[in-house]
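Visitor: I have a chain open here and would like to go through it. Can you put it up?
Guide: Here it is.

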Amino acid sequence: MNDDMGYSQCIRKTEGSERGVFHFYESVPMEEKMIFIGCHLSVTDGYEAMGKRMTRFGGNTFAWFTRNPRGGKTRAVDPEDIDALRMHLQKDGFGPLVAHGSYTMNLCSAKEETRANGLDMLRQDLERMELLPGNYYNFHPGSHTGQGIEAGITQIADALNLVITPDLHTTVLLETMAGKGSEIGGTFEELREIIDRAVHPEKIGVCLDTCHVWDGGYDLVGDPDGVLQHFDTVIGLERLKAVHFNDSKNGCGSRKDRHEKLGLGCIGMDAMKRIALHPVLQNLPFILETPNEDEGYIREIHTVLEWQQ
Ligand code: FE
Ligand code: FE
Ligand code: ZN
């Protein structure tokens with residue numbers, strides 16, 4: 001259990017929870033209510049090893065950092081290893097995978113060198129993703145580091161337009177952010193603006209991080225329908241391709257971005273369960289980014305699988 005300190009930080013807004021039972025509810029038959037579930041894995045032992053590991057964990061999707069999240073270097077890829085992973089994914093009925101770009105990649109830094117570096121990383125990552133066609137590449141839109149939101153959005157869109165081609169076999173996902181510091185993507189409107197400026201918007205989607213949107217001020221506890229309806233109005237649910245499934249150590253609107261284990265944070269188990277079973281989120285890959293070791297991830301994966309029974 002979380003400590004009392006953690007809980008006292010939680011401000012739960014419950015107003016409006018009865019609102020907004022929208023039409024999607026009836027449109028998804030009960031037996032089709034199923035998400036893909038997995039967690040972040042290390043690529044250290046190669047690609048096929050990640051697939052086999054996730055099967056052992058009981059899951060059917062996963063995420064990995066395309067390069068060292070801090071350092072930025074990549075390893076050479078063994079095509080046979082990639083083929084073996086592709087066979088494994090097919091054999092075990094995996095959902096789409098959700099690769100994660102480096103935290104050091106900032107496409108809208110005030111420093112030109114950082115932006116140029118970010119663009120290089122993005123280009124190389126997407127080239128590599130072509131070895132695993134049909135999956136997702138998620139990244140943090142960036143931090144404008146003082147340039148202002150408008151300038152940041154323009155730089156992110158410009159960078160995407162330089163590397164996203166019509167023949168790309170990957171959908172690039174913008175992650176919803178908590179809005180800490182000068183982060184872009186703390187509101188659905190900011191993500192929408194980036195997509196609006198894309199030359200190939202059909203190659204761009206969104207990954208909803210439950211901890212981040214909650215910290216950003218979207219009330220997933222009191223009014224999950226309202227949050228998803230707002231997402232639909234601003235961005236469009238057809239662009240929602242993946243979920244980062246995390247509880248939060250802090251209250252709604254805290255803008256902190258500290259993930260918590262499922263049920264031990266301010267979102268809480270009831271709300272997490274409602275999100276996992278929400279009709280408009282079915283068939284999406286859900287990635288756990290909770291502070292866990294292997295056993296914790298295995299437990300959380302099985303919790304979600306039990307909800308689906
Ligand atoms: Fe992320
Ligand atoms: Fe995330
Ligand atoms: Zn986070």
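Guide: One term before we start: two residues are in contact if their C-beta atoms, placed from the backbone, lie within 7 Å. Among contacts in the chain between residues at least 6 apart in sequence, 78% join residues at least 24 apart. Keep in mind that this is a predicted model.

Visitor: What is the mean pLDDT of the chain?
Guide: The mean is 91, and 88% of the residues reach 70 or more.

Visitor: Where does pLDDT stay under 50?
Guide: Over residues 1–8, and again over residues 11–21. The model has six contacts beyond four places in sequence for residues 1–8, and 21 for residues 11–21. Where pLDDT is low, the predicted coordinates should not be read in detail.

Visitor: Fine. How many helices and strands are there?
Guide: The chain has 11 helices and 12 strands. Of its 309 residues, 44% are buried.

Visitor: Which residues touch the most other members of the largest nonpolar core?
Guide: I156, L220 and F286, in a core of 73 residues. Helix α6, residues 149–163, gives the largest share of this core, with five residues.

Visitor: What does L220 touch?
Guide: Leaving out residues up to four places away in sequence, L220 touches T210, V213, W214, V227, I267, A271 and I275.

Visitor: Back to α6. Which of its residues are buried?
Guide: G152, I153, Q155, I156, A157, A159 and L160. An α-helix has 3.6 residues a turn, so residues three or four places apart point the same way.

Visitor: And what covers the buried residues of α6?
Guide: The cover includes helices α5 and α7, along with strands β5, β6, β7 and β8.

Visitor: How far does α6 reach from its first C-alpha to its last?
Guide: The reach is 22 Å for 15 residues, close to the 21 Å expected at 1.5 Å a residue.

Visitor: Strands next. What does β4 pair with?
Guide: β4 pairs with β3 (residues 98–100) in the parallel sense over three bridges, and H100 has N138 as its bridge partner in β4. β4 also pairs with β6, residues 171–175, in the parallel sense over four bridges. There, F139 stands opposite L174.

Visitor: Which helix makes a β-α-β unit with β3 and β4?
Guide: Helix α5, residues 112–129; the unit is right-handed.

Visitor: Which way do the β4 residues point, and are they buried or exposed?
Guide: Y136 and N138 point one way, Y137 and F139 the other, and all are buried. In a regular strand the side chains alternate between the two faces of the sheet.

Methods. Residues numbered from 1 in each chain as written. Chains lettered and ligands numbered in written order. Predicted model: local features only at pLDDT ≥ 70, side-chain atom pairs only at ≥ 80, totals over all residues. Core = buried A, V, L, I, M, F, W, Y, C linked by C-beta atoms within 7 Å. Buried ≥ 20, exposed ≤ 12 C-beta atoms within 10 Å, placed from the backbone. Helix = DSSP H or I, 4+ residues; strand = E, 2+ residues; numbered from the N terminus. pLDDT = per-residue confidence, 0-100. Pairing = 2+ DSSP bridges. Right-handed = clockwise from strand over helix to strand, strands pointing away. Expected span 1.5 Å × (residues − 1).
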